[in-house]
Amino acid sequence: MENLICLRNIVKKYYIGSENELEVLHGINLDIREGEFTSIVGESGSGKSTLMNIIGLLDRPTEGTYEMKGIDVDGLSDDELSDVRNRQIGFVFQTYNLIPRMSALANVEVPMLYARIPRKEREEKAQHLLEMVGMQDRMMHRPDELSGGQKQRVAIARAIANNPSLLLADEPTGALDSKTGQRIMDIFHRLHEEQHKTILLITHSQPLAEETERILTLKDGQIVGERVGSGSAGSADAEKAKISAKDVPATEKGDSSHKEAASFHAEHLGADKTEDAEDGIIFLELDDKGKMREEEAGHAD
Ligand SMILES: Nc1ncnc2c1ncn2[C@@H]1O[C@H](COP(=O)(O)OP(=O)(O)O)[C@@H](O)[C@H]1O
Ligand SMILES: [Mg+2]
């Protein structure tokens with residue numbers, strides 16, 4: 001299989017104050033082939049999220065090259081990057097990052113809205129995706145009416161809405177108890193096995209990492225280890241993974257705030273584009289059930 005992404009000598013420095021620079025990633029080399037299920041483990045502060053933000057085109061490296069599907073992404077403008085991000089990359093976070101006022105269905109529709117998918121197609125696809133993750137009974141519920149595991153199912157459905165090439169998950173089970181976490185993991189296994197998705201999973205959980213095909217260890221901003229995991233051995237069959245929403249226990253650990261959360265809607269979903277009045281504005285209007293009722297206006301083209 002071909003390389004989906006190819007990182008060479010990626011360095012990331014943060015500039016904190018005038019003289020102080022903090023080098024967080026020290027020359028990362030990483031290839032991920034299409035269809036691979038890879039995990040990254042490493043202590044807190046080792047640079048996992050920084051690396052994921054670069055791979056997810058949310059941040060640019062200070063040095064080094066990054067090719068996605070053979071295209072040098074360093075050369076793309078910010079607008080082009082957000083377009084590639086919207087179409088090629090799906091994000092799943094520890095804290096779900098769902099839009100609070102919106103139903104599960106509308107949340108899943110959002111990336112498709114930014115990709116200008118017509119309303120009917122969007123709704124049907126969102127329904128289908130929610131069924132796939134076992135959330136067919138909770139489509140009109142808002143995030144605060146869902147358990148952590150249920151919210152993460154919705155977030156996964158949203159992440160794959162535009163059929164991305166790469167699914168990036170940053171500690172997706174970090175806020176869940178281990179049983180609920182395993183069920184979320186089972187969904188990733190299904191996406192990998194049945195839909196051949198390329199998945200990069202960041203996790204603190206050694207047992208979950210073991211279930212992936214390839215385990216990378218990040219330490220102090222460097223990849224210090226790589227080994228083969230058991231791949232699909234820990235996966236559940238489709239029926240086991242597709243538990244109906246009401247069977248999912250409502251247990252979850254407290255939401256820790258995530259530094260990505262604030263910029264999520266603006267950046268991850270390509271929303272920054274909609275702020276440009278000359279480019280076209282999308283007005284999101286919700287009815288009293290949190291269902292999406294959008295109007296589009298302001299198209300320059
Ligand atoms: N925007 C930032 N400015 C300065 N330092 C940062 C920034 N983001 C992350 N860091 C630092 O980079 C290091 C790696 O952080 P991070 O990638 O979030 O680690 P991990 O996800 O492995 O816990 C930490 O020391 C963190 O404090
Ligand atoms: Mg992190």
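**Exercise 1.** Determine in which sense strand E3 and strand E8 pair, and over how many bridges.

*Solution.* Strands are DSSP runs (E, at least two residues), numbered from the N terminus, and two strands pair if DSSP finds at least two bridges between them. Strand E3 covers residues 37-41 and strand E8 residues 198-202. The two pair in the parallel sense over four bridges. In E8, Leu 200 is the bridge partner of Thr 38.

The model is a predicted one, in which local features need pLDDT of at least 70 and side-chain atom pairs count only at pLDDT 80 or more, while totals for chains, interfaces and linings use all residues. Residues are numbered from 1 along each chain as its sequence is written, and chains are lettered from A and ligands numbered from 1 in the order in which they are written.

**Exercise 2.** State the order of the six strands in the open sheet and identify the edge strands.

*Solution.* The order is E6-E7-E8-E3-E9-E10, with mixed pairing. Strand E6 (89-93) and strand E10 (222-228) are the edge strands, since each pairs on one side only.

**Exercise 3.** List the residues around ligand 1 and sort the shell by class.

*Solution.* A residue is near a molecule if its C-beta atom, placed from the backbone, lies within 6 Å of it. The residues are Tyr 14, Ile 16, Leu 22, Val 24, Gly 42, Ser 44, Gly 45, Ser 46, Gly 47, Lys 48, Ser 49 and Thr 50. By class, four are nonpolar, seven polar and one charged; Gly counts as polar and Tyr as nonpolar. The largest share, three residues, comes from H1, a helix (H or I, at least four residues).
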